[in-house]
Amino acid sequence: MTNHFIDLILPLPLQNTYTYSVTEEEANFLQKGMRVAVSFGKTKMYTGLVFNIHTTAPTLYEVKDIHQILDETPLVNELQLQHWQWIANYYMSSLGEVYRASLPSAFLLESETIISKNIAFTEESILSDEEFLIFEAMQHQSQLTIHQVADILGKKKVMPVVNSLIKKSAIFIKEEIYETYKPKLVKYVRLNANYNSDNALNTLLEELSRAKKQREAVLSFFQLSTTKKPIKAKDLEKSANVSASILKSLVDKNIFEFYEIQTDRIQFKGDTNDLKTLNEHQQKALLEIKETFTKKDATLLHGITSSGKTEVYTKLIQEVLDAGKQVLFLLPEIALTTQIITRLQFYFGDQISVFHSKYSINERVEVWHNVLENKTKARIILGARSSVFLPFSNLGLIVVDEEHETSYKQFEPSPRYNARDAAIVLAKMHKAKILLGSATPSLESYFNAQQNKYGFVALNRRHGNVQLPKIELIDVKEKHRKKEMTGHFSDRMLKLIQEALDEKEQIILFQNRRGYSPVVECKTCGVSPECPNCDVTLTYHKYKHELRCHYCNYQRAMPNSCAACGSNTLDTKGFGTEQIELELKDLFPDYKIGRMDLDTTRGKFGYQKIIGAFEAKEIDILVGTQMLSKGLDFENVSLVGVLNADTMLNYPDFRAHERAYDMMVQVSGRAGRSKKQGNVAIQTFNPYHKILQQVSTTNYTEMYKEQLQDRWQYKYPPYFRLIKITLKHRDYNKVDTGVNWLFKALYTSFGENVLGPTAPAVARIRNQYIKNIVIKIPPKQSLANTKAQISKIRNTFEAVKDFRPIRFIIDVDAY
Ligand code: ADP
Ligand code: ZN
Ligand code: ZN
């Protein structure tokens with residue numbers, strides 16, 4: 001008799017897969033990509049993923065049996081597994097970490113997973129006996145772990161029961177507990193069975209001869225029922241022109257019954273429309289893109305703001321859909337708003353599914369299944385970075401919009417991947433094409449295009465031939481000297497604002513700092529209140545009258561006096577969005593001022609509400625942080641103001657200048673998009689700064705050439721690659737000893753290409769001390785060998801008992 005084994009990926013940072021034994025029958029049933037519940041360690045249960053099925057017993061450890069099989073067909077396909085392996089390998093993470101990052105957590109039950117009851121769930125009759133037992137237990141105890149579920153049922157194999165409860169929406173898993181959940185139940189109306197005979201209508205109308213409204217409702221019901229489709233209560237109310245209470249009284253009389261059907265949460269209602277006709281420049285760009293695609297897999301579209309890149313994308317998407325293939329449309333998280341969703345739904349209707357971390361787990365599970373089954377409604381996935389992990393089987397095109405955006409990079413937790421780069425690899429695996437689009441391409445992508453690695457297409461006209469905005473630089477040093485400043489506004493800025501308001505146009509003001517002021521300082525002794533958990537000063541939030549840490553969220557009331565010397569001479573320094581908002585309210589009391597930053601956009605719809613209000617022109621002046629610069633399209637904005645360009649330029653990072661350029665050009669791009677040329681005013685202490693000059697002429701190529709020279713000279717990407725290692729621990733001495741040891745070991749291998757060790761600008765966050773080492777990899781040095789060497793050093797490091805508790809973080813392409 002042969003023994004059968006499976007290798008499983010476990011959702012843990014383990015370097016290898018883990019082998020379990022299965023029966024012959026199980027081995028025959030199982031396929032790669034199915035989930036299996038197993039125990040690992042002493043008592044823990046996990047959801048593993050089948051990676052391999054074979055007959056070779058492992059030699060190093062004794063195999064265990066599996067608990068049970070969780071899927072009937074694979075949940076993850078072969079191409080995904082290949083892609084995961086690339087990610088794990090390239091970003092130096094484990095396959096288990098990629099597995100954990102890829103699947104919505106509802107697919108990854110483990111013994112510590114906490115489940116909670118869905119209070120809105122009432123259909124107890126659809127639960128099996130075991131399911132009901134759990135559900136009932138939750139009347140008394142609102143949360144249970146999977147472990148406790150096993151105790152209640154008196155058996156170990158409980159994952160299918162829990163899975164089924166999730167599927168029926170009777171329970172949630174923990175992540176969702178804090179989200180107010182509204183199950184998408186739609187209320188329908190049907191006739192009570194007593195009235196199912198032919199002369200039902202007559203009987204009813206007689207019964208209701210005195211109740212005019214109710215009669216109306218019944219008549220309408222019979223009209224609607226000729227279509228033989230379920231009748232929604234809402235539709236009936238509308239067509240009969242009666243209120244909900246009329247229907248309710250008919251239900252009370254046992255004439256009607258209400259029932260509910262759970263609808264798919266991701267649903268589009270409405271007609272689709274024809275694609276716009278491209279203008280001549282867009283048409284030319286489209287042809288050029290297709291031409292490059294005959295030779296290259298990836299093409300960069302450098303299209304200025306408001307040139308209509310989205311319209312060009314839609315044409316390509318349509319062609320790929322016509323060829324029966326799937327499309328992935330990637331957007332930075334923050335740009336993923338109703339604006340773009342509605343815009344694409346306008347053309348493609350319910351062929352679009354959205355995949356987004358602000359959506360509930362249940363919604364994400366639904367999208368996963370729809371993609372896996374290649375359903376029509378998931379032909380186009382519009383998603384943030386994690387949508388590269390979806391189970392595509394048949395991708396034809398990936399669009400990466402705003403490809404320069406840093407939010408494509410995941411920093412925490414591992415895998416620390418860049419979704420744009422992972423998408424390029426994904427496209428290759430599917431033999432699909434990929435289009436990167438931006439008005440301010442990342443230096444790396446532009447470089448790749450220049451090197452002929454990517455195709456390149458430019459789109460240099462705004463749609464409708466609207467000119468790019470006029471950009472002027474305002475020298476605030478001068479303005480201060482001449483006493484022409486009111487608060488943080490120069491007279492020039494105020495004049496431009498007033499002019500725009502007089503024309504009933506809207507204004508966007510950009511200040512890349514939230515709160516009222518980032519530093520509070522005592523005028524007597526010079527001490528600033530700092531966060532007790534981080535090495536950083538606290539930001540003053542005037543509205544709530546409190547001090548807050550932007551790194552760990554620590555908050556406390558604003559003190560009346562200085563904690564160091566006791567004087568009540570606390571003063572604020574610097575300014576954030578909140579202060580600007582308050583100044584504006586004073587300066588323009590007759591206009592509506594809005595603010596968009598992290599503090600005003602929490603919650604699933606926070607961001608949308610502000611954008612919606614601005615679109616509806618309920619807000620005249622919108623103040624905000626960089627959130628404002630992300631691909632939004634408002635037709636009535638004629639002025640964009642940048643209140644302080646200098647903080648962006650002085651940031652200690654090799655990409656600071658590139659980023660500052662991107663941010664200012666992008667936010668400027670929000671001005672004058674539809675009719676006449678817009679205005680941009682930038683306040684700065686350094687009007688002669690190179691970057692500001694380049695922004696004011698929107699001279700991307702000059703910025704590119706100059707930055708590229710610096711990159712070459714100082715050995716940075718795209719010439720050199722960077723791997724960053726970060727160590728963290730509560731005990732400063734421990735990190736310090738560890739990092740010095742590590743530096744020496746790395747130096748022996750890589751010499752002067754190892755930089756550090758350094759402490760970051762904020763050297764302690766959440767009570768963890770932080771040290772960094774950066775390894776630069778010259779163009780000719782083998783990446784694979786370098787990584788192998790780093791792994792080896794890491795293993796030695798972690799074998800030292802003293803160093804083991806130190807968190808060791810590797811970040812490949814750490815920018
Ligand atoms: P980008 O993404 O390049 O900044 P958009 O695609 O948002 O530009 O286009 C800017 C605006 O111009 C949008 O409101 C869009 O609907 C409109 N527009 C672009 N191209 C066309 C076209 N060919 N026909 C009609 N309207 C267009
Ligand atoms: Zn003091
Ligand atoms: Zn803090």
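1. Does Glu130 count as buried, partly exposed or exposed? At 29% relative accessibility, Glu130 counts as partly exposed (buried is under 20% relative accessible area, exposed over 50%, partly exposed in between, with a 1.4 Å probe and protein chains only).

2. On the basis of the note: this is a predicted model, in which local features need pLDDT of at least 70, side-chain atom pairs count only at pLDDT 80 or more, and totals for chains, interfaces and linings use all residues. Residues are numbered from 1 along each chain as its sequence is written, chains are lettered from A and ligands numbered from 1 in the order in which they are written, and side-chain values use heavy atoms, with hydrogens and water left out.

3. The zinc ion (ligand 3) is held by the SG atoms of Cys531, Cys534, Cys549 and Cys552, at 2.2 to 2.3 Å (donors are N, O and S atoms within 2.8 Å of the metal, or 3.2 Å for Na, K and Ca; water is not among the atoms, so sites may look incomplete). Angles between the four donor atoms run from 103 to 114°, which makes the arrangement tetrahedral (four donors count as such if all angles lie between 85 and 135 degrees). Along the chain the donors follow the spacing C-x2-C-x14-C-x2-C. Cys549 is buried at 0% relative accessible area, and Cys552 is buried at 11%.

4. The whole structure has 43 salt bridges (a side-chain nitrogen of Lys or Arg within 4 Å of a carboxyl oxygen of Asp or Glu). One of them joins Lys155 to Glu130, at 3.1 Å from N to O. Lys155 lies in the loop between α5 (146–153) and α6 (159–167) and Glu130 in helix α4 (residues 129–140), so the pair ties together parts 25 residues apart in sequence (helices are DSSP runs of H or I, at least four residues, and strands runs of E, at least two, numbered from the N terminus). Lys155 is partly exposed, at 32%.

5. Lys290 and Glu319 form another salt bridge, with the closest N and O atoms 2.8 Å apart. Lys290 belongs to helix α11 (residues 280–293) and Glu319 to helix α12 (residues 309–322), so this pair links parts 29 residues apart in sequence. Both are partly exposed: Lys290 at 28% and Glu319 at 37%.

6. Helix α19 (residues 577–587) has buried residues Thr577, Glu578, Gln579, Ile580, Glu581, Glu583 and Leu584. They pack against strands including β23 (506–510), β29 (593–596) and β30 (621–624) (contact means heavy atoms within 4.5 Å).

How values were computed:
Tetrahedral: all angles 85-135°; square planar, octahedral: opposite > 155°, others 65-115°.
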